[in-house]
Amino acid sequence: MDFTILTDYFDVYLEGFRGTVLSSLLALIGSFVLGALIAVFRIAPVRPLRWFGTGYVEFIRNIPLLLVVYMFYYGPSALGLPLDGFTAGTIGLAVYTSSFIAEAIRAGILAIPKGQTEAARSSGLSYAQTMIHIILPQAIKLVIPPLGNQFINLIKNSSVLTIVAGLDLMYFADIVNADTYRTFDTYIFVALFYLALTLPLSYGVRVWERRLERKY
Amino acid sequence: MDFAGAYSAENLRFLADGLYVTLIVAGASIVLSFLIGCIVGVIRYTRLPVLSPIMLVGVELIRNLPLLLIIFFMRFALPEVGIKLGLVAATITGLTIFEAAMIAEIVRGGLASIDKGQIEAARSSGLSAMQTLWHIVLPQGLRRMVPPLVSQFISLLKDTSLAVVISLPELMHHAGIVIGHGYTYTIPILLLVAVIYFSVNFVLSVISRRLETRHA
């Protein structure tokens, strides 16, 4: 193992690491907002909204992430509005992940006993008030572990950005590799950078899951 | 948008060739990762000394790395240590390693979900530990694993697209080449590829639902 690669090219690795973290964080925020919206659509008392929500989730979940990224990379450029790799990749990640987050949030909401909705509604709260004050605060605790898992997936999945030159860890590793010709060592260090992000997160998710199990 | 040009017989045949590679690679990886995942999952469940902790570390490390990195590593890093894999072999190896780690966790979780009382009852009726595992725990555990296993297989099929990073001539790679022929092809080709992936995965999920209702 040649650790001089890590020390000599630390700045290059760090640049990629920053891209990976930034893209994953932005995509997490985007996919949470989009996912929450779709989840509400899926349980809304309006039929066309439910259809739209179900169609969205089923379609996105059954196509590869790379295809979603291509849609935002090649699609806009075919229409004359090219997006750079980082932007297209991050939007693609957010859209792809939102379908999984929507399902997690929906499951969280459905896990809250119906009696609570009925009690809140008969106490005079509106549907929206019931959701905001009674159901969502409880559901969010159940949704945190699956959200954490999706964030881990996002970090790993952000590696597809390299395919559209998205300035992530894998992309910058290519620069190191082209310079050193030491592919094995170069990518072992890349793996360590990813693990530095994903292992602590996995551990955190597990701790939270255990806490929930003890409570319920 | 040039639908007629994009869907020329030549392009369609080229995409069909890509789909063929995708299906072959996915099929082989599903079989291999299921076998290896089951073995590793059972070892993790039985808590064998030495072997089980080693598997735990291996599974955790692999699950927390990007699949794209693993596939890339199989193709370009392993030759440095004397292991040369062709395109198809590198993809199948990478996919199998990653998905087997995922499946091992599904198998372990499925087995662990079987009520302890059943194992105690089986053991006190005179069944050996092996007999209990084989006749009592596995048949019930496998039934519970069907839904998560099928969604893992769907993920695997989608993830074959990551092999574009080593230029495996699968569906996404071929789609990228056709898109490269002209921007008027971009949207028709992306749509068609989405429909192809969706259809294949939809068939898989329908089969899974059948299996679930039959075993329920």
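**Ground rules.** Residues count from 1 along each chain as its sequence is written, chains are lettered from A and ligands numbered from 1 in the order in which they are written. As the model is predicted, local features need pLDDT of at least 70 and side-chain atom pairs count only at pLDDT 80 or more, while totals for chains, interfaces and linings use all residues.

Entry 1: I looked up who touches whom, taking two residues as in contact if their C-beta atoms, placed from the backbone, lie within 7 Å. Chain A puts in 27 residues and chain B 30 residues. On the chain A side, helix 4 (65-78) and helix 9 (183-215) are the elements that give two or more residues. Helix 9 of chain A gives the most, with 10 residues. My helices are DSSP runs (H or I, at least four residues), numbered from the N terminus. I then sorted the chain A side by type: 19 nonpolar, 7 polar and 1 charged.

**Entry 2: A:Phe184.** This residue sits in helix 9 of chain A. I checked its surroundings: A:Phe184 has 16 C-beta neighbours inside 10 Å and so counts as partly exposed (buried is 20 or more other C-beta atoms within 10 Å, exposed is 12 or fewer, partly exposed is in between). Beyond its neighbours within four places in sequence, A:Phe184 is in contact with B:Ala77, B:Glu80 and B:Val81.

**Entry 3: the core.** I went to the largest nonpolar core next and found 112 residues. Such a core is a set of buried Ala, Val, Leu, Ile, Met, Phe, Trp, Tyr and Cys residues joined through C-beta atoms within 7 Å. B:Leu69 is among those with the most contacts inside it, as are A:Leu66 and B:Ile71. Helix 5 of chain B gives the most to this core, with 13 residues. Leaving aside neighbours within four places in sequence, I list A:Ser159, A:Met170, A:Tyr187, A:Val190, A:Ala191 and A:Tyr194 as the contacts of B:Leu69.

**Entry 4: a helix pair in chain B.** Helix 3 (residues 51-63) and helix 5 (residues 87-112) of chain B pack at about 120°, with axes 9 Å apart. The two are therefore oblique to each other (under 35 degrees is roughly parallel, over 145 roughly antiparallel, 65 to 115 roughly perpendicular, the rest oblique).

Conventions
Ala, Val, Leu, Ile, Met, Phe, Trp, Tyr, Cys and Pro count as nonpolar, Asp, Glu, Lys and Arg as charged, and the others, Gly among them, as polar. Axes are lines fitted to C-alpha atoms, for helices over the stretch in contact, and angles run from 0 to 180 degrees between N-to-C directions.
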